[in-house]
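Q: Hi! I'm new to this one, could you walk me through it?

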Amino acid sequence: MTLQRAALWAIVVAATIFLLVSGRGLLLPFVLGIVLWYMIDALADTFAQPRFGRLRLPQPVALIAAVLIIGGLFWIVGRTIGRNVTAVVAAVPNYENRLTQLIEHGARLIGLEQAPTLSELFARVSLADTLGGVATAAASVVSVAGLILIYALFLFVEQLHFKRKLANVFSSDGQATRVQAVLDRIDREIRIYIRIKTTLATVTSALAYLVMSLVGVDFAGFWAVMVFFFYYIPTVGSILAIVAPALLTLVQFDHLTPFLIVLFVFGTIQVVTANVIEPAIMGRSLNLSPLVVIVSLVVWGTIWGVVGMFLCVPIMVVALIVLAQFETTRPVAVLLSADGRIPESSQ
């Protein structure tokens, strides 16, 4: 690669990052609309596959069923979170007392005569600003939700004529076939990723709920939902899924046994699922370098926040497949891969 070409690529990358950051408010609703459309469409295709011989659901019926299921899941999640937020507010005084006791005990262990109070520890935190920020974030989510639904609806309309448009864009049937093959591969890889992640996230959150319910942890349903979503965030999500419920258990109870049970029992489940079972099932389907996954998590988390953390792996999968199709960018695809093997160019 010549110096001039390297400089050109640097300018392209910098301009792309600038557009992603500055256009976040415009891009995120559209990206989330694509995610919602893809989830519904993938579930509808699953329902429409032949079952019991040649019997199969008609595509419109499968689509309606997928919309109802996805909508029902969002309603359950929203209702669970809403109920538990109210309960958390009511339980805050008890947690404050217990946390004060833990601080005093810790201060005595390290030899401090006067333990710092909660007010001193959080003196720089403005409650008004915090509540204002939460209210603003909630209002933005509600306002963006309608836009996301509109985008998803129009994506379904666009889907009806996309293949015909794709064929008319390219001058030869070979080019259209090549592009369609790349899109089909992306679709296959993303569906494998979502299917495996969703299945394991469901199992992990169910086991987390069982463990926390047996121990008697407050808001077990809420934390099970959080564990489900944490599972989609690479590496960091697994740590948060273990640490957050364990810390709540430490604050809630007067003895360490529940804390140790949650930490070690659920921690073992989470570690085995994320680091043993998932790689064994996933195999080489994604073929992304672990270092690339971590870097992309940081980069996309910085650019798009929590949404970027959730989408970093699918974005890198798409990038790997697309970059592998061109001779100029194939070396980049090799660097992104886990073992140097990349999909062959569709000719």
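A: Happy to; we'll look at a pocket, then at the nonpolar cores.
A: This is a predicted model, in which local features need pLDDT of at least 70, side-chain atom pairs count only at pLDDT 80 or more, and totals for chains, interfaces and linings use all residues. Residues are numbered from 1 along each chain as its sequence is written, and side-chain values use heavy atoms, with hydrogens and water left out.

Q: Which residues lie nearest the centre of the second largest pocket?
A: Pro234, Ala274, Glu278, Pro279 and Val293, out of 27 lining residues. A pocket here is an open set of points on a 1 Å grid over the protein atoms alone, where a 1.4 Å probe fits, with protein on both sides within 12 Å along at least five of seven lines; lining residues have an atom within 4 Å of a point.

Q: Which element gives the largest share of that lining?
A: That's α10, with seven residues. Helices are DSSP runs (H or I, at least four residues), numbered from the N terminus.

Q: Switching topic: which residues have the most contacts inside the largest nonpolar core?
A: Leu288, Trp300, Trp304, Val313 and Val317, in a core of 47 residues. Such a core is a set of buried Ala, Val, Leu, Ile, Met, Phe, Trp, Tyr and Cys residues joined through side-chain atoms within 4.5 Å, buried being under 20% relative accessible area (1.4 Å probe, protein chains only). The largest share, 13 residues, comes from α11.

Q: And what is Val313 in contact with?
A: Beyond its neighbours within four places in sequence, Val313 is in contact (heavy atoms within 4.5 Å) with Tyr193, Pro234, Leu286, Leu288 and Val293.

Key
Helix = DSSP H or I, 4+ residues; strand = E, 2+ residues; numbered from the N terminus. Buried < 20%, exposed > 50% of the residue type's maximum accessible area, 1.4 Å probe, protein only.
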